[in-house]
Amino acid sequence: MKKSKKMLWPLTLLVLLIFALTACTKEQPSLNEKAQAAPAQAAPAQQAASAKPVQQEGKKVTKDTKIALISEFTSGTHAAQYITGVTKAAKKAGVQLSVSDSNNDQSKMAAYLDTAINQNVDGIMIDHGRAETLEPGVKRAIAKGIPVIATDVELKVEGVTTIDQDDYMLALQGLKQMMQDINGKGNIVYAFVGGFAPMEKRDSIYKIMMNRYPDVKQIATFGSATDNTSLDTQNKMAAVLKQYPNKGDIAAVWAPWDEFAKGVTRAIKEAGRDEIKVYGVDLSDEDLQMMQAKNSPWKASAAVNPASVGEKQVDLLLKKVSGQEIPRYYSFDPVLVKQTDLPNQTINMDQLSQYVEEWGKKE
């Protein structure tokens with residue numbers, strides 16, 4: 001992979017970045033007032049909240065070992081490949097796996113968590129979700145001696161291991177490339193939705209970078225997590241393009257979720273506005289194909305292999321089940337994949353390391 005010319009960073013930006021990494025103490029807003037009431041197990045969960053974690057003595061991992069994945073959503077190609085990684089690792093280890101898709105419903109997610117605890121599974125994995133919804137149930141699981149490994153949600157519960165994709169670096173890599181490509185000036189569109197720990201972290205870096213480049217102006221922002229985020233994003237981007245119909249009105253779009261990036265890319269292509277550049281976060285087979293398409297506006301995406309995240313989560317959980325010591329935090333090293341890195345022929349995620357050397361090393 002060819003390395004791009006790096007811009008010189010002033011000391012003030014470094015100080016701001018360190019501040020963002022250390023001072024971000026609340027990354028998830030309160031639940032919507034319309035959220036449904038917590039499940040019936042709330043009372044036992046509250047009683048367990050003050051309980052100390054049971055010392056995990058360790059069990060032998062066998063074909064009878066039961067692990068559960070509680071996921072906030074499984075829609076989208078990135079999420080699908082994460083699930084593939086989880087399934088592959090569980091099958092390789094020869095353990096029993098159950099997957100619960102909450103379909104973006106927080107009360108369902110809490111209920112599924114309580115069900116797994118009541119079934120006395122040997123270990124629990126959590127994917128996304130909100131801390132205030134999950135922490136009571138997670139404390140109950142830890143109090144019963146059930147290990148918990150979480151990804152993309154910040155659970156401040158003793159005994160829980162948290163996996164992340166280093167969302168600060170994901171955002172920094174993509175935004176840095178975007179600012180270089182547009183020469184640090186012009187109008188941009190920002191696709192964003194709050195309430196998710198990864199998005200809140202990426203947003204903190206976005207704010208720093210916007211301060212760093214005062215000649216870059218945000219003219220529109222939108223975004224929501226729905227059953228069809230990509231299509232909803234496409235429609236919203238199409239409306240923005242009608243507001244700014246002339247070439248040169250918009251220099252780029254920052255879309256720090258691949259479902260956002262897919263939507264804005266389709267809208268830009270349909271409008272014939274290929275001069276607008278798109279920069280995203282996350283990659284999947286479908287994302288790669290869109291980046292490789294002729295005259296694609298999608299120029300770069302910072303990512304971690306989602307299947308690798310799923311596999312690592314199972315690996316860490318089973319180590320914990322067997323009584324091994326594992327780290328409190330595990331953070332992946334993201335890689336910036338640029339359109340110019342990719343070949344003319346269509347490739348998939350398994351082939352990406354042939355063209356982006358860092359990808360193969362950091363998987």
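This is a predicted model: local features need pLDDT of at least 70, side-chain atom pairs count only at pLDDT 80 or more; totals for chains, interfaces and linings use all residues.
On the α4 side, pick Gln106, Met109, Ala110, Leu113, Asp114, Ile117 and Asn118; on the α5 side, the residues they meet are Thr133, Leu134, Gly137, Val138, Arg140 and Ala141.

Now show the two helices whole: α4 covers residues 106–118 and α5 covers residues 131–143. Their axes lie 9 Å apart, at an angle of about 5 degrees. Angles under 35 degrees count as roughly parallel, so α4 is roughly parallel to α5.

Next, select α6, residues 167–181, together with α7, residues 197–212. The axes of this pair come within 8 Å and cross at roughly 40 degrees, and α6 and α7 are therefore oblique to each other. Viewed along the line between them, the crossing of α6 and α7 is right-handed.

To see what joins this pair, show side chains on both helices. From α6, the contact takes in Asp167, Tyr168, Leu170, Ala171, Leu172, Leu175, Lys176 and Met179. Facing them from α7 are Pro198, Lys201, Arg202, Ser204, Ile205, Tyr206, Met209 and Met210. The classes here are eleven nonpolar, one polar and four charged.

Move on to α3, residues 77–93, and α11, residues 306–321. The axes of α3 and α11 are 6 Å apart, and the packing angle is about 40 degrees. These two helices are therefore oblique to each other, and α3 passes α11 in a right-handed crossing.

Select the contact residues of this pair in two groups:

- In α3, take His78, Gln81, Tyr82, Gly85, Val86, Lys88, Ala89, Ala90 and Ala93.
- In α11, take Pro306, Ala307, Val309, Gly310, Glu311, Gln313, Val314 and Leu318.

By class, the α3 contact with α11 holds ten nonpolar, five polar and two charged residues.

The structure holds two of 30 Å³ or more, and the largest cavity has about 300 Å³ of space. To find the largest cavity, select Phe73, His78, His128, Trp257 and Asp282, the residues of its lining that lie nearest its centre. His78 has already come up, as one of the α3 residues that meet α11.

Which helices each supply at least two residues of this lining? They are α3, α7, α9 (258–270) and α11. Of the elements around the cavity, α3 gives the most, with four residues.

With the lining still selected, bring back α6: its partner α7 is among the helices that supply at least two lining residues, and the α6 and α7 axes come within 8 Å.

Methods: Residues are numbered from 1 along each chain as its sequence is written. Side-chain values use heavy atoms; hydrogens and water are left out. On a 1 Å grid over the protein atoms alone, a cavity is a set of points where a 1.4 Å probe fits but cannot get out, and a pocket is an open set with protein on both sides within 12 Å along at least five of seven lines; lining residues have an atom within 4 Å of a point. Grid points are joined across faces, edges and corners, and a volume is the space filled by probe spheres set on the points. Axes are lines fitted to C-alpha atoms, for helices over the stretch in contact, and angles run from 0 to 180 degrees between N-to-C directions. Angles under 35 degrees count as roughly parallel, over 145 as roughly antiparallel, 65 to 115 as roughly perpendicular and the rest as oblique. A crossing is left-handed if the near helix is turned anticlockwise from the far one by less than a right angle, and right-handed if clockwise. Contact means heavy atoms within 4.5 Å. Ala, Val, Leu, Ile, Met, Phe, Trp, Tyr, Cys and Pro count as nonpolar, Asp, Glu, Lys and Arg as charged, and the others, Gly among them, as polar.
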